[in-house]
Amino acid sequence: MTTARPFLMFQDGIAQTALDLYFATFPDSGMVRVERHAEGEPGPTGSIKVAVFTLCGREFMCSDSPVKHGFTFTPASSTFVEFDSVAELERVFGILAEGGQVLMPLGDYGFSPRFGWLNDRFGVSWQLNFGSGFVG
């Protein structure tokens, strides 16, 4: 079967720290399977070679790249999360914004009654929206 999943490439061995935050923040989230770098392999021992995990029931993949790249995450590719509670949206926004960069503060931008966009402290970009789809 052909499948497609978003893939997050972390550097400097921070993938597990990011996943711990995401698993504690989003419902229906956790590790599906993980392979870690062993001693003598290119990556730091114990860092994530490749992992499959879920966020809000959707599968993603990630790794801690042992290769240093001249790029990182960009907001041009983000994870869009829809909430059915404004309180939950605001809670998650606050957690992810801590140490990150707010691109669009929570507000009513006309296309949604409550929307915010940010890069978390790991550089991953999130669009957080109240409701199912845009108003219009």
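Trp126 is buried in this predicted model, with a relative accessible area of 1%, where buried stands for under 20% relative accessible area, exposed for over 50% and partly exposed for the values in between, with a 1.4 Å probe and protein chains only. Phe26 likewise counts as buried, at 4%. Because the model is predicted, local features need pLDDT of at least 70 and side-chain atom pairs count only at pLDDT 80 or more, whereas totals for chains, interfaces and linings use all residues. Residues are numbered from 1 along each chain as its sequence is written, and side-chain values use heavy atoms, with hydrogens and water left out.

Rings of Phe, Tyr and Trp (for Trp, the six-membered ring) were taken to pair if their centres lie within 6.5 Å, and pairs were classed as stacked when the planes are under 30 degrees apart, as edge-to-face when over 60 and as tilted for the rest; the count on this basis is 11 aromatic pairs. One of them joins Phe26 and Trp126, which are stacked at 5.1 Å centre to centre with 25 degrees between the planes. Since Phe26 sits in the loop between helix 1 (15-25) and strand 2 (30-36) while Trp126 belongs to strand 8 (residues 125-130), this pair ties together parts that are 100 residues apart in sequence. Tyr109 and Phe111 form a stacked pair at 6.0 Å centre to centre, with 15 degrees between the planes; Tyr109 is partly exposed at 34% relative accessible area, and Phe111 is partly exposed at 30%. Phe26 and Trp126 also belong to one aromatic cluster together with Phe10, Tyr22, Phe73 and Phe122.

Overall, the protein has 2 helices and 8 strands, defined as DSSP runs of H or I of at least four residues and of E of at least two, respectively, and numbered from the N terminus. Along the sequence they follow the pattern β-α-β-β-β-β-α-β-β-β. Of the 136 residues, 35% count as buried. Among contacts (heavy atoms within 4.5 Å) with a separation of 6 or more, 54% are between residues 24 or more positions apart.

Most residues other than glycine have a negative phi. Asp12, however, has a positive phi near 65 degrees; Asp12 lies in the loop between strand 1 (7-11) and helix 1 and is exposed at 59% relative accessibility. Asp28 has a positive phi of about 50 degrees, is placed in the loop between helix 1 and strand 2, and is exposed at 58%.

With a disulfide defined as a pair of cysteine sulfur atoms within 2.5 Å, the count comes to 0 disulfides. The sulfur of Cys56 has its closest cysteine sulfur in Cys62, at 16 Å, which is too far for a bond. Cys56 is partly exposed, at 34% relative accessible area, whereas Cys62 is buried at 0%.
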